[in-house]
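Thanks for sending this one over.

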Amino acid sequence: MPIPNLDGAEAVRLASTLIEITSSVTHGAETIDIFTDLAQRCVGLLPVSAAGILLRDASGRLQVIGASNPSAHLLDLFQVQNDEGPCLECSRTGDPISDESLSEDGPWPGFAERARERGFSATYALPLRSRELTVGAL
C-alpha cells in the first residue's frame, strides 16, 4: 500500500503521534493502554469515527487489545467470539478489507447488522504486520 501524500500539518500530526506512542512504550505504559491510545489517535488522524485493534496472542488467537470507544470494542469482541468480520478476514489474508455498504447480504451479515445498529455505515480493516507476518488488524 503506498504512503499517502500528507500536507505539512498532517505529517507533523502523524510524526508527533508516532513519537508519543513510542515514548509511552519506552516508559513502560501498559500494553492495553498503549493500544487504546493508538486506536483513539487513529480516529483523529484518519477519516473514521471509531477504531479497534485486534492482535494475535501467543497461541495465535486474535484478541481485542484496544478500541477508541465502547462501540468499536463491542464490534471487535463480536468478531472474535463469532469468527466473523473484516478484521478477522484481514488478519487471515494480510490484505486491506473494506465494506462500504454493510449490507445484509455482504460477507459478514451478523457483523454488518451489529455495526449498523451502532450507527456505522462502512468498515475498513488494515493488516498489522511484524516483518512479513500479519499479527492482527486495525
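1. Which side chain does aspartate 57 meet in a salt bridge? The partner is arginine 61, with an N to O distance of 3.7 Å. Aspartate 57 is partly exposed, at 26% relative accessible area, whereas arginine 61 is exposed, at 53%. Please keep in mind throughout that this is a predicted model.

2. Now the overall layout. The protein has five helices and six strands, and along the sequence they run α-α-β-β-α-α-β-α-β-β-β. Of its 138 residues, 35% are buried. Among contacts between residues at least 6 apart in sequence, 49% join residues at least 24 apart. The accessible surface comes to about 8400 Å², and carbon and sulfur atoms account for 54% of that surface.

3. Back to the charged pairs. The count of salt bridges is four, including the one between aspartate 57 and arginine 61. Another joins arginine 41 to aspartate 37, with the closest N and O atoms 2.9 Å apart. These two residues are four apart in helix 2, so about one helical turn separates arginine 41 from aspartate 37. As a reminder, an α-helix has 3.6 residues a turn, so residues three or four places apart point the same way. Both partners are partly exposed: arginine 41 has a relative accessibility of 24%, and aspartate 37 has 23%.

4. One further salt bridge links glutamate 117 with arginine 118, where the closest N and O atoms are 3.9 Å apart. Glutamate 117 is exposed, with a relative accessible area of 56%, while arginine 118 counts as partly exposed at 33%.

5. Next, the interior. In soluble globular proteins, nonpolar side chains tend to be buried together. Here the largest nonpolar core has 20 residues, and the members touching the most others are Leu54, Leu102, Phe111, Ala115 and Phe120. Strand 2 (62-67), helix 3 (70-82), helix 4 (86-93) and helix 5 (109-117) each contribute at least two residues to this core. Apart from it lies another core, of eight residues, with Ala39, Cys42, Ala51 and Leu55 among them.

6. Helix 5 deserves a look of its own. Its buried residues include Gly110, Phe111, Ala112 and Ala115, and their cover includes helix 3, helix 4 and strand 4 (123-125). Leaving aside residues up to four places away in sequence, alanine 115 touches Leu75, Leu102 and Phe120. Just after helix 5, glycine 119 takes a positive phi of about 90°.

7. Two residues other than glycine also have a positive phi and are worth checking on screen. Leucine 102 has a phi near 45° and sits in the loop between strand 3 (97-99) and helix 5. Arginine 131 has a phi near 60°, and its place is in the loop between strand 5 (127-130) and strand 6 (133-137).

8. What about the cysteines? A disulfide is a covalent bond between the sulfur atoms of two cysteines. The structure holds zero disulfides. For cysteine 87, the closest cysteine sulfur is that of cysteine 90, and at 6.5 Å it is too far for a bond. Cysteine 90 is likewise in no disulfide. Both of these cysteines are buried: cysteine 87 has a relative accessible area of 4%, and cysteine 90 has 0%.

9. Leucine 46 belongs to the loop between helix 2 (31-45) and strand 1 (52-56). Leucine 46 is partly exposed, with a relative accessible area of 38%.

10. Last, a pair that is separated in sequence. How far apart in space are isoleucine 34 and isoleucine 65? Their C-alpha atoms are 9.1 Å apart, although 31 residues separate the two in sequence. Isoleucine 34 lies in helix 2 and is buried, at 11% relative accessible area.

Conventions
Residues numbered from 1 in each chain as written. Predicted model: local features only at pLDDT ≥ 70, side-chain atom pairs only at ≥ 80, totals over all residues. Heavy atoms only, no water. Buried < 20%, exposed > 50% of the residue type's maximum accessible area, 1.4 Å probe, protein only. Disulfide = S-S within 2.5 Å. Core = buried A, V, L, I, M, F, W, Y, C linked by side-chain atoms within 4.5 Å. Contact = heavy atoms within 4.5 Å. Areas by Shrake-Rupley, 256 points an atom, 1.4 Å probe, with all protein chains shown as cover.
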